[in-house]
Amino acid sequence: MGRLRKFHRLSTSIPLTIRLLGITKHPHPIHAETRNVSRKGLSVELEVKLKNGSLLIQQGEEAIKVIPFLVLSEKLVELEIKMPPSGERVRATGRVRWYDFGSREKLYYFRAGILLEKIEDRKRWEDFIGNLS
């Protein structure tokens, strides 16, 4: 049974950078793309590797452990969203509301839904979403 959504989501791929907030180590930025977006939130999907019993997200030459995402539900994240076509950036703070981990063929994936709590320029974001629909 699928999740009941309060807001209409649009399937689109928008580049963004995610940083975990509230952890003591300096968090690595995670570069991702959205699966879908709405005025109030977005979801992302990351490719994951299983290596020596750890789940890792490949980021260029570096592999980052996924476990912090999996164990911290309702985790606060900082987002920098690069809006096409101009590449204008919008900064936001969001909360991981759900996550899902699975595999298809020989690839593993990690999906997360993020509720946007604070958006630097909410009107610009909402105008952008409005223009997509």
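I take contact to mean heavy atoms within 4.5 Å. The model I am reading is predicted.

**Entry: Leu-79.** I left aside its neighbours within four places in sequence and listed the rest. Leu-79 is in contact with Leu-16, Thr-17, Ile-18, Leu-42, Val-90, Arg-91, Ala-92, Ile-114 and Leu-116.

**Entry: the core.** I looked up the largest nonpolar core next. It has 30 residues. Leu-79 is among those with the most contacts inside it, along with Leu-16, Ile-18, Leu-42, Ile-81 and Trp-125. Elements giving two or more residues include β2 (15–20), β4 (41–51), β8 (88–104) and α2. The largest share, five residues, comes from β9.

**Entry: helix α2.** I checked residues 122–132. Trp-125, Phe-128 and Ile-129 are buried. Seen down the helix axis, the buried residues fall within an arc of 95°, so they line one face of α2. Lys-123 and Asn-131 are exposed on the other side. The cover over the buried residues includes β1 (10–11), β3 (30–37), β7 (76–83) and β9 (107–119).

**Entry: salt bridges.** I count nine. Arg-124 and Glu-88 meet at 2.6 Å, N to O. That pair links helix α2 to strand β8, 36 residues apart. Arg-124 is partly exposed at 22% relative accessibility, and Glu-88 is partly exposed at 39%.

Glu-80 pairs with Arg-89, with the closest N and O atoms 3.0 Å apart. Buried means under 20%, so Glu-80 counts as buried at 18%. Arg-89 is partly exposed at 43%.

Arg-35 and Glu-45 meet at 3.2 Å, N to O. Arg-35 lies in β3 and Glu-45 in β4, so the pair ties together parts ten residues apart in sequence. I also find Arg-35 and Glu-45 linked with Asp-100 and Arg-111 in a network of salt bridges.

Methods. Residues numbered from 1 in each chain as written. Predicted model: local features only at pLDDT ≥ 70, side-chain atom pairs only at ≥ 80, totals over all residues. Heavy atoms only, no water. Buried < 20%, exposed > 50% of the residue type's maximum accessible area, 1.4 Å probe, protein only. Helix = DSSP H or I, 4+ residues; strand = E, 2+ residues; numbered from the N terminus. Arc of directions from axis to C-beta. Core = buried A, V, L, I, M, F, W, Y, C linked by side-chain atoms within 4.5 Å. Salt bridge = Lys/Arg side-chain N within 4 Å of Asp/Glu carboxyl O.
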